[in-house]
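Subject: Structure handover

Hello,

Here is the structure I said I would pass on. My notes on it follow below.

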Amino acid sequence: MSEEFTAVITGGNKGIGAALAKEMLEAGYTVICLSRRAPEFEHPKLHFHQTDLLDQAQVSAAADAIAGEHEVTHLIHNAGLIFPNLIEEADADDIAGLAQLHLGSALTLLKAFLPSMKAKQFGRVLFNGSRAALGAKTRTAYSASKAGMIGMARTWALELAQHQITVNVVAPGPVKTDNFWGIIPKGSEQEQKLADGIPVGRIGTVEDITNAFMFFADPKSSFITGQTLFVCGGMSVGTALL
């Protein structure tokens, strides 16, 4: 990589975030992980800020500290929680919490990094969204906040295009991560039923998702902004058996 890039990845300690962090480190990026727990891997160019993204004060402190130490070129907002509940068990606090995690924390971080991005006339802002933004049972708070990401990304794309800063969303379908296994028992009939209902006939891998992130992160992808790429095996255009 001929240029020096610094990527902030929320939730970069496990799952998709960790896989993306490793891929970016391999490509020569400096990577800053924001999460409640430290990554279980080390690298000379990996930095860690212990941060609970549900806590606005912690997010603000981390954003200011990072902006004071690094010229951030890439913001990847990957961290997420699901809070799965049917309507009768769902609570307005779930919506408020996920709005802070999925939306509010991203805004705080971007505002801190924007001066540097604008000065460079370059930046990449990426969201880890979800196919559930189109609707899914038990996802009242999750679907609402993930759909909000799409609207916010499109707005930011319009505001930041003149500064050569692109904003895009990668929206995964079911992916084999700890979050997935926390809901779908590994090796269960439910897992097989879900895989059979996905048009491509399988559940996604973290590599499926990191490939999409790396495409958007590339400086060559400068004519693509405000877009949502569903990496879901065709679920956004077909149906899955749940």
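Leaving aside its neighbours within four places in sequence, which residues is Val125 in contact with? The model is a predicted one, and in it Val125 contacts Leu75, Leu110, Met117, Trp156, Ile165, Thr166, Val167 and Asn168.

Nonpolar cores

Val125 belongs to the largest nonpolar core, a set of 35 residues. Together with Phe127 and Trp156, Val125 touches the most other members of that core. At least two residues of this core come from each of β2 (30–35), α2, α3, β5 (123–128), α4 (140–160) and β6 (165–172). Helix α3 gives the largest share, with 9 residues. There is also a second, separate core; it has 27 residues, among them Phe5, Ile16, Ile76 and Phe122. As background, nonpolar side chains tend to be buried together in soluble globular proteins.

A residue in β2

Ile32 lies in strand β2. Its relative accessibility is 0%, so Ile32 counts as buried. Not counting residues up to four places away in sequence, Ile32 touches Thr6, Ala7, Val8, Ile9, His47, His49, Ile66 and His70. Between Ile32 and Val125 there are 14 Å in space, C-alpha to C-alpha, and the two are 93 residues apart in sequence.

Helix pairs

Two packed helices are described by the angle between their axes and the distance between the axes. I have two pairs to report.

The crossing of α2 past α3 is right-handed. On the α2 side, the residues in this contact are Gln56, Val59, Ser60, Ala63, Ile66 and Ala67. They meet Gln100, Gly104, Ser105, Thr108, Leu109, Ala112 and Phe113 of α3. By type, the contact of α2 with α3 has 7 nonpolar residues, 6 polar and no charged. Ile66 of α2, listed in this contact, is also one of the residues that Ile32 touches.

The second pair is helix α1 (residues 15–26) with helix α7 (residues 206–217), whose axes come within 9 Å and cross at roughly 50 degrees. Because of that angle, α1 is classed as oblique to α7. Here too α1 passes α7 in a right-handed crossing. From α1, the residues Gly15, Ile16, Ala19, Leu20, Glu23 and Met24 take part. Their counterparts in α7 are Val206, Ile209, Thr210, Asn211, Phe213, Met214 and Ala217. This contact divides into 9 nonpolar, 3 polar and 1 charged. Ile16, listed in the α1 contact, is also included in the second core.

Backbone angles to check by eye

Most residues other than glycine have a negative phi. Two residues in the model have a positive value.

- Phe83 is not a glycine, yet its phi is positive, at about 50 degrees. Phe83 sits in the loop between β4 (74–77) and α3. Its relative accessible area is 31%, so Phe83 is partly exposed.
- Gln164 has a positive phi near 60 degrees, again in a residue other than glycine. Gln164 is in the loop between α4 and β6. With a relative accessible area of 43%, Gln164 is partly exposed.

Regards

Definitions and conventions
Residues are numbered from 1 along each chain as its sequence is written. This is a predicted model: local features need pLDDT of at least 70, side-chain atom pairs count only at pLDDT 80 or more; totals for chains, interfaces and linings use all residues. Side-chain values use heavy atoms; hydrogens and water are left out. A crossing is left-handed if the near helix is turned anticlockwise from the far one by less than a right angle, and right-handed if clockwise. Helices (H or I, at least four residues) and strands (E, at least two) are DSSP runs, numbered from the N terminus. Contact means heavy atoms within 4.5 Å. Ala, Val, Leu, Ile, Met, Phe, Trp, Tyr, Cys and Pro count as nonpolar, Asp, Glu, Lys and Arg as charged, and the others, Gly among them, as polar. A nonpolar core is a set of buried Ala, Val, Leu, Ile, Met, Phe, Trp, Tyr and Cys residues joined through side-chain atoms within 4.5 Å. Buried means under 20% relative accessible area, exposed over 50%, partly exposed in between (1.4 Å probe, protein chains only). Axes are lines fitted to C-alpha atoms, for helices over the stretch in contact, and angles run from 0 to 180 degrees between N-to-C directions. Angles under 35 degrees count as roughly parallel, over 145 as roughly antiparallel, 65 to 115 as roughly perpendicular and the rest as oblique.
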